[in-house]
Amino acid sequence: MSEPRVRRAEIALEQAHVDRVYARLAELRSHAEDMRSKGYELGHGAQTEAVFEQAAMLFERDMMVFHANKTLHTLDAEYEGLVFGRLDYAGEPDEPIYVGRLGIRDDDFNNVVTDWRAPAAAPFYQATAQEPLDVIRRRVIRCSGSVVLDVDDDVLMAGGVPDDMVIVGEGALMAALGRAKGDTMRDIVATIQKEQDDVIRAPWRGVTEITGGPGTGKTAVALHRAAYLLYRHRRQLGGAGVLVVGPSGVFTSYISRVLPAMGETDVELRALGEVLDGVTAEHADPAPIAAVKGSLRMRKVLQRAVRDTPPGVPDRLRMVYQGEVLTLERDALERLRKRVLAGGGQPNRIRVRAAEALLEALADVAEHAATDDGRAWSPTARAELISDLGERLDFHRFVVTWWPVLSPEELLGWLGDEQRLARAARRTLSPHEVELLAASFADRSRGFSVADIALLDELRVLVGKPRRKRRDPESAEPERAERGRHHRPEHYDEYSHIVVDESQDLSPMQWRMVGRRGKHASWTVVGDPVQSSWPDTAEAEEAAAEAFGPRSSRRRFTLRTNYRNSAEIFGLAARVVAGTAAEDELPHAVRTTGTEPEVRDVGTGELNTAVRGAAEEMLRAVEGTVGVISAMERVPHVEKWVSTLADERLKVVGSLDSKGLEYDAVVLVEPQELVAESTTGNRLLYVALTRATQRLVVLASDREWLAG
């Protein structure tokens with residue numbers, strides 16, 4: 001039976017059990033509603049009884065209603081994704097244990113779901129390949145409501161999987177390796193499991209770095225580590241929550257099935273374009289622009305931009321006081337703005353200080369006029385002028401327009417003006433870089449880019465949150481109620497643990513953004529220097545160290561076994577980075593299939609036909625997924641070329657979005673274009689070439705990329 005059919009059959013099997021769970025849930029809900037109704041009836045009957053009997057009946061009524069409502073609230077709150085795991089054991093118990101957000105028993109008091117907090121559910125989080133706790137298979141069940149969407153298995157006892165046990169997902173590969181004949185392959189499985197287990201169980205404090213090449217299981221290990229830590233150190237980590245940051249929305253969707261939800265908001269998955277609340281970005285800038293936006297030099301540029309005069313503000317203040325016209329011209333207003341900003345503080349937080357400075361300047365004008373006319377002027381007169389003008393509506397209107405509340409989005413848009421950007425970037429960016437950035441900031445046809453999100457977060461901190469007027473408690477109640485519906489406030493910065501995947505690609509500005517979310521966090525950082533798309537590794541390391549904090553201990557684990565790519569496919573991938581990566585930086589691929597990757601020479605005019613034909617060929621050759629990978633700019637064209645191949649197994653993805661993903665077969669389009677769009681040479685191509693587990697076809701109009 002093909003892998004997709006096997007998966008569908010297993011999903012149907014788990015759906016049958018989930019249906020049983022939700023049917024029992026409906027029964028329990030009906031019982032609770034009946035109890036609540038009887039409680040109300042009991043209270044109604046108490047009205048005709050004697051005083052003491054009436055008090056007892058009312059108390060009983062209150063307790064029945066209270067417990068019924070509490071039960072109903074619990075059942076409703078845990079309805080979504082109630083079942084998320086299954087454990088199959090080598091010995092006792094004979095029946096599998098299903099793990100979920102709530103414990104539920106049937107009419108005979110047998111567990112149909114075990115509460116994840118119960119001791120019986122502990123192996124779901126604590127069992128590892130080195131200490132499996134008699135668990136052969138750990139299955140993650142991904143549901144939407146009562147519908148099973150997908151299943152994914154971990155094999156913890158690779159040598160003990162019964163022949164009739166079906167394994168789905170990456171666990172199937174580990175089971176196959178464990179069943180392979182010969183001691184060598186079994187030793188390899190033991191090595192893989194040992195090195196992964198050491199990472200999962202590493203101390204939770206400080207920074208745990210996981211490095212390793214493609215196919216070594218870095219991401220899966222990091223996510224299982226997060227689940228293990230949350231369960232083992234629930235008191236220290238659970239309340240504040242865990243943040244998992246991945247390179248793209250495609251990636252976070254892909255990994256969402258690996259880490260089951262252990263509480264409503266204990267774990268958050270966010271792509272780099274989603275880290276800042278209220279703004280989402282999906283598209284990537286061209287590499288030269290992204291390299292400038294991600295550099296720490298942008299800190300200085302943004303700091304100057306925040307202190308520049310906002311466009312469109314009035315350049316003249318004219319007030320009439322006791323028949324005399326008091327005026328502040330453009331130059332005076334500019335000097336005043338600079339003096340206020342020089343005093344420090346975020347612009348949105350110091351508007352009152354700006355208003356006070358304006359009033360003092362107007363008083364200076366009045367004092368000079370009085371002195372020139374020979375009129376008396378006293379501190380009392382000055383205080384009266386400031387008090388009078390400070391209460392005038394026209395003065396407050398001027399302050400609002402002259403010192404506007406700054407929003408990060410608006411500020412970044414202003415930098416689309418090349419002259420304004422040049423002022424902020426003086427002696428920091430080159431004229432060519434200013435030209436590139438101004439054009440990028442001015443073009444909002446696709447919204448913000450992923451690199452822009454870190455700049456917006458930096459600006460958020462620089463401008464500050466506007467001060468709000470005090471309100472009476474009654475008017476504040478609706479807002480408090482609204483906030484109460486959310487577990488965490490906006491721009492939450494107190495996560496207890498942060499997982500960063502594909503960390504080698506984070507720019508320094510992105511490290512600053514992520515670091516703000518974990519001021520007191522421990523970290524699990526996953527990456528591979530050979531796959532890096534960030535050109536200045538020293539600058540990125542500096543920003544990462546600042547994000548971790550000066551007192552954070554750091555430990556590093558290296559996973560060296562590539563058990564996902566065939567040795568034939570990885571051999572081609574290793575060839576393209578031979579000139580930039582040392583041999584000990586590359587993992588060792590242990591699987592051989594006998595199928596060599598194909599490199600096909602294709603003329604540029606034949607590319608569309610060749611891509612469609614190769615994709616169709618791969619769909620026939622493998623039972624699982626087929627990925628067509630191209631340079632980011634070519635993706636819309638490739639999608640059009642294969643649009644007639646109506647097969648849900650076929651995915652078209654850009655080079656940057658392919659990071660962390662895998663397919664049974666890959667069609668790689670124009671590899672030299674991937675080299676050209678990257679600032680790190682062949683490293684991005686290396687990533688794309690290692691996405692295939694079984695078959696790889698490369699379509700190229702030249703072979704320059706093979707020179708390494």
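The request and the reply to it follow here.

Me: Where does aspartate 134 lie, and which residues beyond its neighbours within four places in sequence is aspartate 134 in contact with?

Reply: This is a predicted model, in which local features need pLDDT of at least 70 and side-chain atom pairs count only at pLDDT 80 or more, while totals for chains, interfaces and linings use all residues. Residues are numbered from 1 along each chain as its sequence is written, and side-chain values use heavy atoms, with hydrogens and water left out.

Aspartate 134 lies in the loop between helix H3 (123-126) and strand S5 (135-144), where helices (H or I, at least four residues) and strands (E, at least two) are DSSP runs numbered from the N terminus. Leaving aside neighbours within four places in sequence, aspartate 134 is in contact, meaning heavy atoms within 4.5 Å, with Asp88, Tyr89, Ala90 and Met157. Of these, aspartate 88 is 46 residues from aspartate 134 in sequence, and the two are 8.5 Å apart in space, C-alpha to C-alpha. Aspartate 134 counts as partly exposed because its relative accessibility is 47%; buried means under 20% relative accessible area, exposed over 50%, and partly exposed in between, with a 1.4 Å probe and protein chains only.

The backbone of this residue also deserves attention. Most residues other than glycine have a negative phi. Aspartate 134, a residue other than glycine, has a positive phi, near 70 degrees. Another residue with a positive phi is arginine 427, near 60 degrees and likewise other than glycine, which lies in the loop between helix H16 (418-424) and helix H17 (431-442). Arginine 427 is exposed, because its relative accessible area is 76%. Glycine 374, which follows helix H12, has a positive phi near 75 degrees.

Helix H12 itself covers residues 351-373, has 23 residues and reaches 33 Å from its first C-alpha to its last, close to the 33 Å expected at 1.5 Å a residue, the expected span being 1.5 Å times one less than the number of residues. The buried residues of H12 include Ala354, Leu358, Leu359, Leu362 and Ala370, and the buried residues of this helix pack against strand S10 (317-321), strand S11 (324-328), helix H11 (330-342), helix H13 (379-390) and helix H14 (393-402). Helix H6 (residues 218-232), with 15 residues, reaches 21 Å from its first C-alpha to its last, close to the 21 Å expected, and H6 is mostly covered, with 13 of its 15 residues buried.

To place these parts in the whole, the chain has 26 helices and 21 strands, and buried residues make up 52% of its 708 residues. Among contacts in the chain with a separation of 6 or more, residues 24 or more positions apart account for 74%. The mean pLDDT, which is the predictor's confidence in each residue from 0 to 100, is 84 for the chain, and 84% of the residues reach 70 or more. Over residues 261-265 the pLDDT is below 50, and this stretch has eleven contacts in the model beyond near neighbours in sequence. Over residues 471-486 the pLDDT stays under 50, and the model has three contacts for them beyond four places in sequence.
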